2 protein chains.
Amino acid sequence: MSILSLAVDVLRCFSSTRHDVTVTDLVTLLGMPKSNASRLLRAMRDEGLLETVGESKRYRPSLLLNQVGHLYRFAASLIDRADAVVGGISDRIGHTGYVSVRRGTEIVAVTAHPGRHALRVVTSIGDRIPAFASSTGRALLARLPDDEVRALYPAGFTSPSETAPHDIDELLGRLARVRDEGFAESRDEAVRGVRALSVAVGDPTTGDEVALCLSFPAATVEPAERLSIIRSLGEGAAEIANLTKDKRFHPLNLAIAETAS
Amino acid sequence: MSILSLAVDVLRCFSSTRHDVTVTDLVTLLGMPKSNASRLLRAMRDEGLLETVGESKRYRPSLLLNQVGHLYRFAASLIDRADAVVGGISDRIGHTGYVSVRRGTEIVAVTAHPGRHALRVVTSIGDRIPAFASSTGRALLARLPDDEVRALYPAGFTSPSETAPHDIDELLGRLARVRDEGFAESRDEAVRGVRALSVAVGDPTTGDEVALCLSFPAATVEPAERLSIIRSLGEGAAEIANLTKDKRFHPLNLAIAETAS
DNA sequence: CTTAAAGTTCCATTTTTTGGAACTTGAGTT
DNA sequence: AACTCAAGTTCCAAAAAATGGAACTTTAAG
């Protein structure tokens with residue numbers, strides 16, 4: 001077991017509910033001997049991966065990690081472009097916007113714009129939701145051919161709600177519609193009471209793919225506003241697709257969307 | 001030489017001008033054998049610290065680092081509070097705002113609000129400027145007793161411009177004034193043509209200290225607007241100091257500032 | 001002042017890392 | 001299609017670092 005993998009295990013201990021760790025935290029979370037935990041945390045601090053919190057024995061991620069992590073957005077400049085589009089829409093309509101990426105069968109938010117409305121959808125950056133049961137996830141999955149989607153779910157999945165797909169075939173049906181219409185929609189799926197609209201776009205030169213998503217409480221959006229959001233997302237994503245020469249991009253087809261809904 | 005320290009060296013290679021690295025980059029930047037560079041990058045990718053860019057041999061920071069780095073702001077919730085204050089002022093007046101921390105004799109920006117004006121001050125997050133020659137740095141240095149400031153500069157320093165302090169004694173004189181007035185100001189120092197106003201605040205329970213800074217092109221700010229910025233910064237920082245029970249906080253003293261300027 | 005929990009240090013054993021050289025890959029040329 | 005050169009990868013024995021149990025020290029609480 002290389003010390004590198006232990007160090008990464010330590011980094012994975014941090015989450016939106018655990019901002020710092022102690023020697024005993026590591027002993028319980030990772031099941032390592034106290035001696036190793038003590039030396040590992042000190043080594044990581046000495047190297048600059050962690051900082052001690054004041055004079056206490058608590059360790060938290062360092063400024064260095066903050067900065068290198070920040071670069072992720074520039075390295076994947078696709079994220080920055082998508083973030084600009086989502087930020088603009090979020091500012092205009094006041095609802096929460098996200099940019100997310102897919103990791104296997106999970107979706108991770110990379111940037112968020114909280115929105116101004118009192119009834120606000122809040123998902124923390126870094127929280128993971130299932131891909132098949134979210135508009136974001138289906139927008140991204142729709143970029144894969146059906147057989148690759150099937151390969152992602154060798155054992156199927158368990159639907160978290162009535163409105164989410166219940167099996168692979170239903171999922172593939174909805175993905176086909178996403179490809180036709182150019183956007184994905186969810187309602188009361190991974191998160192109850194929340195409705196969301198997403199489009200996906202990629203950069204063939206880096207292989208990155210992101211979803212642009214606007215989410216809002218299920219009851220508060222008028223049909224006209226919904227269409228306006230879809231149009232804004234679609235247009236913003238189309239511009240990015242044009243820049244990156246994304247051939248897998250599914251352009252908006254509002255004719256279908258309007259007659260179908 | 002532990003592999004951990006090499007891994008951190010790799011992370012330090014990333015910057016606002018280098019978003020990804022290759023094996024040969026490491027060979028030239030860190031002077032390590034090709035074999036090590038190759039294995040190190042692969043190990044870091046396998047563990048999840050790095051990602052390969054598409055199908056190429058380029059490596060960039062991973063999503064994991066992005067997320068753990070993001071937590072830094074919550075771990076150091078002082079930064080979040082300061083960021084809210086600076087963001088508010090930046091939105092209102094349209095000039096660029098920063099939150100920065102001191103590392104030794106250098107200042108690092110942690111969050112930035114770009115501002116709306118055409119003539120805009122742009123400093124990348126993570127870039128480092130000397131503490132003695134910036135308002136941000138002097139606001140933070142003013143929280144230290146004089147002897148600790150002297151200890152930071154055992155060999156003195158070289159002033160980068162006419163308006164920056166030229167030796168320790170001049171620096172200490174300006175720090176004394178910062179303590180009296182409750183804010184620091186710079187003009188044409190580390191960055192030419194740029195004027196900046198800063199206040200500092202800390203959290204005794206974590207030992208963190210941050211500077212709140214507004215910066216703008218030297219010629220574009222009226223005296224009344226300058227005073228308004230100083231007042232906003234001072235009031236925002238005072239609220240934070242009150243929350244954290246920061247005993248080292250130097251409150252605004254506009255009476256002195258107005259008569260002196 | 002006493003005690004228990006948390007954290008650190010020690011050391012022989014085990015495992016990983018190292019760096020030079022040989023080998024493979026891949027893009028660009030003749 | 002074969003050639004070339006730079007970039008990247010794999011191999012190996014020597015050198016260095018990590019391991020984990022136990023003893024030791026520090027810290028917080030009673």
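Let's start where the chains meet. In this predicted model, 41 residues of chain B are in contact with 41 residues of chain A. Which parts of chain B supply that side? H1, H3, strand S2 (59–61), helix H4 (63–75), strand S3 (96–103) and strand S4 (106–113) of chain B each bring at least two residues. H4(B) gives the most, with 12 residues.

Now the symmetry. Two copies of a chain are related by a rotation about an axis and a shift along it. Here, a rotation of 180° with 0.0 Å of shift along its axis puts chain B onto chain A, with an RMSD of 0.2 Å. The two copies are thus related as by a two-fold rotation axis. Look for B:Gly69. In chain B, its C-alpha is the one nearest the axis, at 2.6 Å. The same surface serves both copies, as 100% of the contact residues of chain B recur in chain A.

On to the layout of one chain. Chain A is divided into domain 1 (3–67) and domain 2 (76–260). The C-alpha centres of these two domains of chain A lie 34 Å apart.

Next, the DNA. I'll take strand C, then strand D.

There are 19 residues around DNA strand C. Which come nearest? A:Ser2, A:Thr24, A:Ser35, A:Ser38 and B:Ser35. Both chains supply this surface. From chain A, helix H1 (3–13), helix H2 (23–30) and helix H3 (34–47) each give at least two residues. H3(A) has the largest share, 4 residues. By class, the surface near DNA strand C has 9 nonpolar, 7 polar and 3 charged residues.

DNA strand D is surrounded by 18 residues. The closest are A:Ser35, B:Val23, B:Thr24, B:Ser35 and B:Ser38. The classes near DNA strand D are 8 nonpolar, 7 polar and 3 charged.

Now the sheets. In chain A, 6 strands form an open sheet in the order S5-S4-S3-S8-S7-S6, with antiparallel pairing. Strand S5 (128–130) and strand S6 (184–187) of chain A are the edge strands, and each pairs on one side only. From one strand to the next, the twist averages 35°. Take one pair inside this sheet. Strands S3 (96–103) and S4 (106–113) of chain A pair in the antiparallel sense over 7 bridges. What stands opposite A:Gly97 in S4(A)? A:His113 does.

Over to chain B. Its open sheet also has 6 strands, ordered S5-S4-S3-S8-S7-S6, and the pairing is antiparallel. Strands S5 (128–130) and S6 (184–187) of chain B each have a single partner strand, so one side of each is left without a neighbour in the sheet. Strands S7 (194–203) and S8 (208–217) of chain B pair in the antiparallel sense over 10 bridges. One bridge to find on screen joins B:Ser198 to B:Cys213 in S8(B).

Last item, a helix on that sheet. Helix H5 (77–93) of chain B lies across S3, S4, S7 and S8 of chain B. H5 of chain B runs at about 150° to S3(B).

How values were computed: Residues numbered from 1 in each chain as written. Chains lettered and ligands numbered in written order. Predicted model: local features only at pLDDT ≥ 70, side-chain atom pairs only at ≥ 80, totals over all residues. Near = placed C-beta within 6 Å. Nonpolar A, V, L, I, M, F, W, Y, C, P; charged D, E, K, R; others polar. Pairing = 2+ DSSP bridges. Axes fitted to C-alpha atoms, helices over the stretch in contact; angles between N-to-C directions. Least-squares fit on C-alpha atoms with pLDDT ≥ 70 in both. Contact = placed C-beta atoms within 7 Å. Domains from an automatic or database assignment.
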